[in-house]
Amino acid sequence: QVQLVESGGGLVQPGGSLRLSCAASARIRSIVTMAWYRQAPGKERELVATVTSGGSTNYATSVEGRFTISRDSAGQTLYLQMNNLKPEDTAVYYCNGDFLTTGWIRRPNVWGQGTQVTVSS
């Protein structure tokens, strides 16, 4: 079973930056779509950014221009570069994957366990 593991969260001051990573626990054949979600206290989980196998990206309006989603060339790691962070960005961030395993099995909805991002002075 391929799992996704997030890392890179932590405490940062407003205006600071963090880079989140989401690594596959085993080799995958190809990515269909990968995404970052977040869930703030008392709020429902929201979509932050997506990237397709072809490299197309989409962002929530609240983060566009500040965050950048990307993946490595091998498709094994997903990144979220977060710049000019605001207190409103405080949340648990989750990666989500839709991908093919090396055995050509489609796994359309795989979640990581999340990493905490806290933006505070």
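Trainee: What makes Cys 22 and Cys 95 a disulfide?

Mentor: A disulfide is a pair of cysteine sulfur atoms within 2.5 Å. In this predicted model, the sulfur atoms of Cys 22 and Cys 95 are 2.0 Å apart. The value falls within the cut-off, so the pair counts as a disulfide. A search of the whole structure finds one disulfide.

Trainee: Which parts of the chain does the pair link?

Mentor: The pair links distant parts of the chain, with Cys 22 in strand β3 (residues 18-24) and Cys 95 in strand β9 (residues 91-101), 73 residues apart. The link is right-handed, with 55° about the S-S bond.

Trainee: Why is Cys 22 called buried?

Mentor: Buried means under 20% relative accessible area. Cys 22 has 1% relative accessibility, so Cys 22 counts as buried. Cys 95 is buried as well.

Trainee: Which residues are in contact with Cys 22, leaving aside its neighbours within four places in sequence?

Mentor: Contact means heavy atoms within 4.5 Å. Cys 22 is in contact with Leu 4, Val 5, Glu 6, Trp 36, Gln 76, Thr 77, Leu 78 and Cys 95. As for Gly 114, its C-alpha atom is separated from that of Cys 22 by 9.3 Å, and the two residues are 92 apart along the chain.

Trainee: Why is Thr 101 called buried?

Mentor: The cut-off for buried is under 20% relative accessible area. Thr 101 has 12% relative accessibility, so Thr 101 counts as buried. Thr 101 lies in strand β9. Leaving aside neighbours within four places in sequence, Thr 101 is in contact with Arg 29 and Arg 107.

Trainee: Why is Trp 104 called exposed?

Mentor: Exposed means over 50% relative accessible area. Trp 104 has a relative accessible area of 58%, so Trp 104 is exposed. Trp 104 is placed in the loop between β9 and β10 (106-111).

Trainee: Where is Asn 84 found, and why is Asn 84 called partly exposed?

Mentor: Asn 84 is found in the loop between β8 (77-82) and β9. Buried means under 20% and exposed means over 50%, with partly exposed in between. Asn 84 has a relative accessible area of 43%, so Asn 84 is partly exposed.

Trainee: Why is Thr 52 called partly exposed?

Mentor: Thr 52 has a relative accessible area of 25%, so Thr 52 is partly exposed. Thr 52 is in strand β5 (residues 46-52). Leaving aside neighbours within four places in sequence, the contacts of Thr 52 are Val 32, Thr 33 and Arg 71. Between the C-alpha atoms of Thr 52 and Gly 112, 60 residues apart along the chain, the separation is 18 Å.

Trainee: How many helices and strands does the protein chain have?

Mentor: The protein chain has zero helices and 11 strands. How do you know that the chain is as compact as a globular protein of that length? The radius of gyration is 14 Å, close to the 14 Å that the globule rule gives for 121 residues, so the chain is as compact as a globular protein of that length. Along the principal axes, the C-alpha trace spans about 45 × 25 × 20 Å.

Trainee: What do the totals for the protein chain say about burial and contacts?

Mentor: Of the 121 residues in the protein chain, 42% are buried. Among contacts between residues at least 6 apart in sequence, 56% join residues at least 24 apart. The accessible surface comes to about 6500 Å², and 46% of this belongs to carbon and sulfur atoms.

Note on methods: Residues numbered from 1 in each chain as written. Predicted model: local features only at pLDDT ≥ 70, side-chain atom pairs only at ≥ 80, totals over all residues. Heavy atoms only, no water. Helix = DSSP H or I, 4+ residues; strand = E, 2+ residues; numbered from the N terminus. Rg over C-alpha atoms; globule rule 2.2 N^0.38 Å. Buried < 20%, exposed > 50% of the residue type's maximum accessible area, 1.4 Å probe, protein only. Areas by Shrake-Rupley, 256 points an atom, 1.4 Å probe, with all protein chains shown as cover.
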